[in-house]
Amino acid sequence: MPHPFSRASALVSSQENRLRTLQLSCLTISCALILLYLYLNTSLGWIAIFYARDYIVLFGAAFFALSLTRPSFWSDRGCWVLCLVPVIWFLISESFLFLDGQMREDPGLFFSMYLLAYPFAAGAEDGDRRKGLVLAGGFYLCYTLFQTIRVLLCLLDFLPGFPLTGVTWDGSRLYLLYHPNVSGCVLMLGVGIALIFGFRSHGLRGKILWWLAAVVQLIPLALTNSRTIVLLTGGLLGATLFFSQLGRSPKRLLLSLVIGLAFVPLFFTLSKSLYDWHTARLISYYQAQAVTEAWRAVDSAESSSQDSEATQENPLLAGESQEGSSEEDLEEGTSQPDSPVVVDPNTGEVSLQTMTTSGQGSLKENFSSFNGRTKIWKGVLWTVTHSHAIALYGCDNVVSHLELHTGIAAHAHNSWLQILMRRGWVGLLIALVFTLQALRNALVLLFRRESDGVQRSVALLLLCIMGAAFFEPYLFTADLSYFFIEFVFFLSAGYLQVWYRQTRISR
């Protein structure tokens, strides 16, 4: 007869496993909705928005409710207080905006960041198992590797109708999502996650395959021509090499440092060369297409001229010719599609038309102002200091305020300034708390000798996301256009916080 204590222990273990399964299911469905959104946003955007925005909050709330049943929830109240503070301030600031007659924001995505992504590692006690990290990374890799394969097939002319189908180009910049910069950032996530999976793999063959998956994603990333992301990804790869040798011999460590530092400009140069080759290839394609269309127009004009001469010679055919033709047919026969190739009348430089208005110049020209961002940042600070309402609880429309001082600006081009505009100084303070905590945890785990490759890779990926967020509003606002980047950031930050606490306990 089994001992009563063993049966009670088995029952507790069974309930614990069931609870973990339910919590992991909340994350699984949320990541599936994010994947659906990434796949459908350019084709069936309204469906993607409907499911991602309106339903992901249900699973964040379910995860929070399940976490309430754990004893660790009440013993680790600090983590949950930190998560609930931004949620409470969101509700307060939205109330002020409503009373001021401004538009309210849907809370679903915002709540999911602070009730599911960030507390998942602690709430599900998943710091050692890392199942949530692997599951979420797998969903993101499904998207980035699939898009990488599409781009490679397109470059190799295996997709029909190159380059008009299969993959979208903004001029010659790869355009997977709303903007080439966003596309580049998501591909950087794919590179970082593949590196994490490589360190997690135990066999040499598995490590090589995952690292090859990381390398192959550098090709579409280079084609986005997002220079900040290219530099950050080069730094990610170089730093991964360096920290993988931490604790080895000084000579080996010094060699890895030199190679890691050299890899950043090397990767940037190779990316620029690949992008320039692709640009020249597209220009040649469009020019050849324009020549073909011109010859078709000439042939069409000659055949029309011959038909008119025949009609004049034989008056009996005049009626048939007039009945069989129409103004629309004549326009279709003589019109030509506008060529995307643009020639500068002053310099003769050939380029391609773009949908975005980044005004990207050379790296030397844009470095001092970060491609015009400093002007936008000054406009944000001026707006906040001259509007007590925005400083207190933010505003619903950042664009309308920035356009008064900076012209056309879609956002603040900085995550911390964007949250300042959206949620006021309190919102910025909350964001800084998460930022400083994540920065501290990442640096500690990077330089701690006992840290493994997975922990260091997660820390490096989080630092790269923060670097990208310095120039784009990727974090803290849970904007529909960027929430999939923010989700990875907060999930990684939550795991780093758990791992950091384990290091403190081990001391």
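**A guided reading of a predicted chain**

Among contacts in the chain between residues at least 6 apart in sequence, 74% join residues at least 24 apart; contact here means heavy atoms within 4.5 Å. The structure is a predicted model, in which local features need pLDDT of at least 70 and side-chain atom pairs count only at pLDDT 80 or more, while totals for chains, interfaces and linings use all residues. Residues are numbered from 1 along each chain as its sequence is written, and side-chain values use heavy atoms, with hydrogens and water left out.

The chain has 21 helices and 4 strands. Of the 507 residues, 46% count as buried. Buried means under 20% relative accessible area, exposed means over 50%, and partly exposed lies in between, with a 1.4 Å probe and protein chains only. The accessible surface of the chain comes to about 25,400 Å², and 64% of that surface belongs to carbon and sulfur atoms; such areas come from the Shrake-Rupley method with a 1.4 Å probe, and for residues only the protein chains shown count as cover.

Confidence in the model is expressed by pLDDT, the predictor's confidence in each residue, from 0 to 100. The chain has a mean pLDDT of 83, and 81% of its residues reach 70 or more. Among the elements, helix H20 (residues 453–469) has the highest mean pLDDT (96), and helix H14 (residues 327–334) has the lowest (38). Over residues 161–165 the pLDDT is below 50, and this stretch has 13 contacts in the model beyond near neighbours in sequence. The pLDDT is also below 50 over residues 316–337, a stretch with 9 contacts beyond near neighbours in sequence.

The interior may be considered next. In soluble globular proteins, nonpolar side chains tend to be buried together. A nonpolar core is a set of buried Ala, Val, Leu, Ile, Met, Phe, Trp, Tyr and Cys residues joined through side-chain atoms within 4.5 Å. In this chain the largest nonpolar core has 133 residues, and those with the most contacts inside it are Tyr474, Phe476, Phe484, Ile485, Phe487, Phe489 and Phe490. Leaving aside neighbours within four places in sequence, Tyr474 is in contact with residues including Asn181, Val182, Cys185, Ser415 and Ile485.

Gln23 is found in helix H1 (residues 4–40) and is buried, with a relative accessible area of 0%. Its side chain makes a polar contact with the side chain of Ser67 (3.2 Å). A polar contact is a pair of N or O atoms within 3.5 Å; within protein, one must be able to donate a hydrogen and the other to accept it, and residues adjacent in sequence count only if both atoms are side-chain atoms. Not counting residues up to four places away in sequence, Gln23 touches Phe63, Leu66, Ser67, Arg70, Phe120, Gly123 and Ala124.

Pro220 is placed in helix H10 (residues 218–223) and is likewise buried, at 0% relative accessibility. Among the residues that Pro220 touches beyond four places in sequence are Thr148, Val151, Leu174 and Leu187. Glu94, in helix H4 (residues 77–99), counts as buried at 6% relative accessibility.

A search of the whole structure finds 11 salt bridges. A salt bridge is a side-chain nitrogen of Lys or Arg within 4 Å of a carboxyl oxygen of Asp or Glu. Asp452 forms one with Arg130, the closest N and O atoms being 2.9 Å apart. Asp452 lies in the loop between helix H19 (415–447) and H20, and Arg130 in the loop between helix H6 (120–123) and helix H7 (131–155), so the pair ties together parts that are 322 residues apart in sequence. Asp452 is partly exposed at 30% relative accessibility, whereas Arg130 is buried at 15%.

Arg373 forms a salt bridge with Glu472, with the closest N and O atoms 2.6 Å apart. Because Arg373 lies in helix H16 (residues 373–385) and Glu472 in the loop between H20 and helix H21 (483–506), this pair ties together parts that are 99 residues apart in sequence. Arg373 is buried at 11% relative accessibility, and Glu472 is buried at 8%. Finally, Glu16, Arg20, Arg70 and Glu125 are linked in a network of salt bridges.

Key. Helix = DSSP H or I, 4+ residues; strand = E, 2+ residues; numbered from the N terminus.
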